[in-house]
Amino acid sequence: MNESPVRIDNVVCTFNLGMSAISLSTLACKCPAFEYDPSHFGAAIIHLVDPKCTCLIFGSASGVCVGGKSMESAHLGLTVAINVIRNSGFREAHVSDFKIRNVVGSVNAGVPVNLMKIYNDSSITCSYNPVLFPGLRCKPVESHSSSALIYDTGAVVITGCRSVSSCQSLGCSILKLCRKYALS
């Protein structure tokens with residue numbers, strides 16, 4: 001099986017702790033792994049090392065996990081954070097309403113790309129104004145939230161995907177487009 005050239009850089013997921021609310025100051029007091037400064041930010045934050053990701057817990061008992069490099073690492077990071085919360089005395093905490101919200105990936109065509117030609121020729125929805133921003137933004141499917149930023153160096157950032165496979169698929173399509181419009 002061929003490995004995708006697309007590198008997954010970030011998987012963002014949301015979840016609920018299965019509770020109606022949680023006291024963030026109590027959580028931070030009982031568990032020093034959580035940082036909480038309500039004057040700075042309205043969530044308790046835990047930075048995990050393995051897997052490397054960050055979980056934010058809000059007073060509403062909802063949360064966000066960012067930084068995972070796969071769906072599995074995002075879920076594992078969330079599981080580790082929930083176990084820390086449970087071991088801090090919040091025994092009823094558990095993962096509910098887990099949803100992947102955004103998968104961000106990157107790929108490099110390895111060649112310089114003619115962005116203006118893509119912009120002028122392409123049938124996909126693109127926006128490009130090099131005076132305002134150096135990248136060409138493509139939205140291959142109008143009804144979908146995913147998009148790609150293509151830079152003239154051949155670097156590509158894919159965002160807005162709801163799964164790793166859709167990120168990899170979009171990345172491979174954009175990679176073909178970049179190679180088609182490579183500067184010679």
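Colleague: Buried means under 20% relative accessible area, exposed over 50%, and partly exposed in between (1.4 Å probe, protein chains only). Which residues of α2 are buried?

Modeller: Ser73, Ala74, Gly77, Leu78, Ala81, Ile82 and Ile85 are the buried residues of α2. Please note that this is a predicted model, in which local features need pLDDT of at least 70 and side-chain atom pairs pLDDT 80 or more, while totals for chains, interfaces and linings use all residues. Residues are numbered from 1 along each chain as its sequence is written, and side-chain values use heavy atoms, without hydrogens or water.

Colleague: Where does α2 run, and how many residues does it have?

Modeller: Helix α2 covers residues 71–87 and has 17 residues. From the first C-alpha of α2 to the last, the distance is 24 Å. Helices (H or I, at least four residues) and strands (E, at least two) are DSSP runs, numbered from the N terminus.

Colleague: Which other residues have a positive phi, glycine aside?

Modeller: Ala61 is one of them, with phi near 70 degrees. Asp97 is another residue other than glycine with a positive phi, in this case near 55 degrees.

Colleague: Where do Ala61 and Asp97 sit?

Modeller: Ala61 belongs to the loop that links β4 and β5, whereas Asp97 is part of strand β6.

Colleague: Is Ala61 buried or exposed? And Asp97, buried or exposed?

Modeller: Ala61 is buried, because its relative accessible area is 0%. Asp97 is exposed, because its relative accessible area is 54%.

Colleague: Changing topic: what is the order of the strands in the sheet?

Modeller: The sheet is open and has 10 strands, in the order β2-β3-β4-β5-β1-β6-β10-β9-β8-β7, with antiparallel pairing. Two strands pair if DSSP finds at least two bridges between them.

Colleague: Which strands are at the edges?

Modeller: The edge strands are β2, residues 34–35, and β7, residues 125–127. Each of these two pairs on one side only.

Colleague: How many bridges does β7 make with β8?

Modeller: Three bridges join β7 to strand β8, which spans residues 135–139, and the pairing is antiparallel.

Colleague: One last topic: where is the cis peptide bond?

Modeller: The cis peptide bond lies between Asp50 and Pro51, with omega at about 5 degrees. Pro51 itself is in the loop between β3 and β4.

Technical notes:
The expected span of a helix is 1.5 Å times one less than its number of residues.
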